[in-house]
Amino acid sequence: GGEYGGTITPATATIKGTAPEGVDAVITYTGIANDGTQYVNRTDVPTKAGTYTVRVTINDTNYEVSGIDVATMIISRKIVELPEIASKEYTGEALTADIAASELYTVSQGSDWVNVGDYNVEFTLNDASNYRWVTSTADKTTGIFTITRASNSVTAPNVNGTYVYGTPIVPTGATANFGTVYYVYATEENSDSYTTTVPTEVGTYYVRAAVAGTTNYFGATSETAVMFEIVQAEVALPTLETESTVYSGVRQTNLLKGYDSASMTLDLGSLAATQTAEGLELYAINVGTYTIKVTLNDSHNYKWAEGVTEVSLTWEITQFTGNTVEVSITQNAVYGDELVVDVTADMGAESAQITYYADNGGSIGELLTAQPTEAGTYWVVATIADTDNYVGGTDSEQFTIQPETVADTVSGGESVIYDGAAHTVYITGVDLSLMSVTSESTLTYVNGRYDLTMTDAGDYTI
């Protein structure tokens with residue numbers, strides 16, 4: 001026997017002793033090869049793998065074999081070893097082993113082997129009758145193809161050398177073999193404490209690009225760290241829209257421009273304020289000097305152009321000096337009527353003090369202690385006192401209280417010649433609150449009139 005494809009040792013038989021000429025042993029083979037080929041008493045030596053019965057006979061019927069005349073011959077299947085399967089690194093694409101089919105076997109591999117892991121490559125013998133795997137008697141066996149975790153690298157990022165405080169830090173340009181690039185920062189180039197926290201404060205920093213590892217590839221950090229600097233943001237000094245206004249009697253506004261609550265602290269003193277789109281609107285009424293103190297509350301990250309950290313601004317409301325005062329009697333004054341005095345002024349009319357004076361030949365005379373009521377000519381004076389907010393003033397006007405006009409009396413009767421008879425004259429319309437009635441003789445009051453009745457000749461008067 002032997003191994004398929006190798007040297008096959010045929011069966012042999014030896015005749016002991018001396019045989020007559022022409023008498024010899026005959027060896028035949030009977031059996032079925034693994035592939036089904038039949039051997040029946042064939043004298044040619046089998047070459048295919050299988051198990052065969054070997055029989056010895058004598059070519060002369062006058063002789064027979066004594067002893068063992070049957071044996072078994074085995075031709076074993078040739079051993080086939082699996083080829084060595086090299087692993088490959090993860091690429092992100094489907095991979096297969098670099099194994100090709102041969103004359104001995106075919107190879108079957110998957111089409112979706114992407115991720116790190118072990119995958120079975122299937123080998124199938126072309127002739128399983130005459131060949132066998134070293135580890136299996138079946139016609140199929142598997143080998144392991146391994147996809148290993150890929151090495152990785154990432155390039156250094158691009159950043160601006162200088163950023164003004166408040167400007168976003170946005171590195172760009174870094175690329176990696178695998179994974180999504182992110183950025184890590186530190187205050188020292190070779191620090192062991194790089195973090196993903198993006199710097200915001202003024203200072204010097206370093207940035208590296210990085211990718212996180214997965215089961216398919218290793219993480220990586222750029223070998224080069226790129227330096228950048230965050231510098232102070234320069235802000236303009238705050239200013240007042242106006243530094244001086246004049247008292248007006250109503251609430252005034254001023255505008256504080258350039259105030260930023262994020263970077264500045266404000267001391268308004270007694271001023272009220274409201275934030276508007278144009279700036280901080282300030283409010284005040286009274287005369288005074290108002291000081292607004294503005295301080296940089298973050299001098300590390302901000303600076304004013306002039307280099308100062310605190311500024312005081314002054315808004316002055318000055319006293320109103322152009323006060324015009326006018327006083328007048330608003331109607332013709334008549335005895336018995338109430339005097340109506342009107343005072344107008346730019347400021348303080350409601351607080352004017354009213355005084356009255358006698359007339360002295362067209363000029364102001366003696367001060368009166370009360371408002372005059374009698375008919376006559378007088379002076380009225382309105383005086384507004386000075387205050388912190390405005391300068392007062394004074395004005396005067398001459399006026400006359402006219403006598404009250406009363407209804408005339410009505411009289412009746414006429415002059416006559418003495419005739420011995422009594423004659424009467426009368427008067428009506430007498431207001432005793434304003435008039436007195438007298439006569440040389442007795443008057444008779446009848447039904448609202450005064451009668452005088454006389455007989456003798458003479459001149460009579462009521």
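I started at D98, which is exposed, with a relative accessible area of 64%. The model is predicted, and I kept that in mind for each entry below.

**Entry 1: the partner of D98**

I looked for the charged partner of D98 and found K88, with which D98 forms a salt bridge. Their closest N and O atoms are 2.8 Å apart. I then placed both ends. K88 lies in strand β7 (residues 88-89), while D98 sits in the loop between β7 and β8 (105-108), so the pair ties together parts that are 10 residues apart in sequence. D98, at 64%, is exposed.

**Entry 2: other salt bridges**

How many salt bridges does the structure hold? I noted six. Side chains of opposite charge can pair when their charged atoms come close.

I took E3 and K78 next. Their closest N and O atoms are 3.8 Å apart, and the cut-off for a salt bridge is 4 Å, so I kept the pair as listed. E3 belongs to strand β1 (residues 2-3) and K78 to strand β6 (residues 78-80), so this bridge ties together parts that are 75 residues apart in sequence. E3 is partly exposed at 30% relative accessibility. K78 is partly exposed, at 30% as well.

I also looked up D44 and R42. This salt bridge has its closest N and O atoms 2.6 Å apart. D44 is partly exposed at 34%. R42 is partly exposed at 30%.

**Entry 3: nonpolar cores**

I went on to the cores. The largest nonpolar core has 55 residues. Which residues have the most contacts inside it? I wrote down F228, I230, L271, L282, I292, W315 and F399. Apart from this core lies another, of 19 residues, among them V80, L125, F145 and Y217.

I followed L282 in detail. Leaving aside residues up to four places away in sequence, L282 touches L240, Q252, T253, N254, L256, L268, L271, A272, A273, I292 and W315. Of these, I had already listed L271, I292 and W315 for their contacts in the core.

**Entry 4: the open sheet**

I traced an open sheet of four strands, in the order β19-β26-β24-β21, with mixed pairing. Which strands stand at the edges? They are β19 (244-246) and β21 (264-267), each with a single partner strand, so one side of each is left without a neighbour in the sheet. The twist averages 20° from one strand to the next.

I then checked how β21 is held. Four bridges join β21 to strand β24 (residues 288-296), and the two run antiparallel. I picked out L266, whose bridge partner in β24 is V294.

**Entry 5: two strand-end residues**

V231 lies in strand β16 (residues 226-231). V231 is partly exposed, at 24% relative accessibility. I looked up its contacts beyond four places in sequence: T162, Y163, V164, Y165 and V202.

T428 is in strand β35 (residues 423-428). T428 is partly exposed, with a relative accessible area of 22%. With sequence neighbours up to four places away left out, T428 touches T409, V410, G448 and R449. I also noted V446, 18 residues from T428 in sequence and 10.0 Å away, C-alpha to C-alpha.

Methods:
Residues are numbered from 1 along each chain as its sequence is written. This is a predicted model: local features need pLDDT of at least 70, side-chain atom pairs count only at pLDDT 80 or more; totals for chains, interfaces and linings use all residues. Side-chain values use heavy atoms; hydrogens and water are left out. A salt bridge is a side-chain nitrogen of Lys or Arg within 4 Å of a carboxyl oxygen of Asp or Glu. Buried means under 20% relative accessible area, exposed over 50%, partly exposed in between (1.4 Å probe, protein chains only). Contact means heavy atoms within 4.5 Å. A nonpolar core is a set of buried Ala, Val, Leu, Ile, Met, Phe, Trp, Tyr and Cys residues joined through side-chain atoms within 4.5 Å. Two strands pair if DSSP finds at least two bridges between them. Axes are lines fitted to C-alpha atoms, for helices over the stretch in contact, and angles run from 0 to 180 degrees between N-to-C directions.
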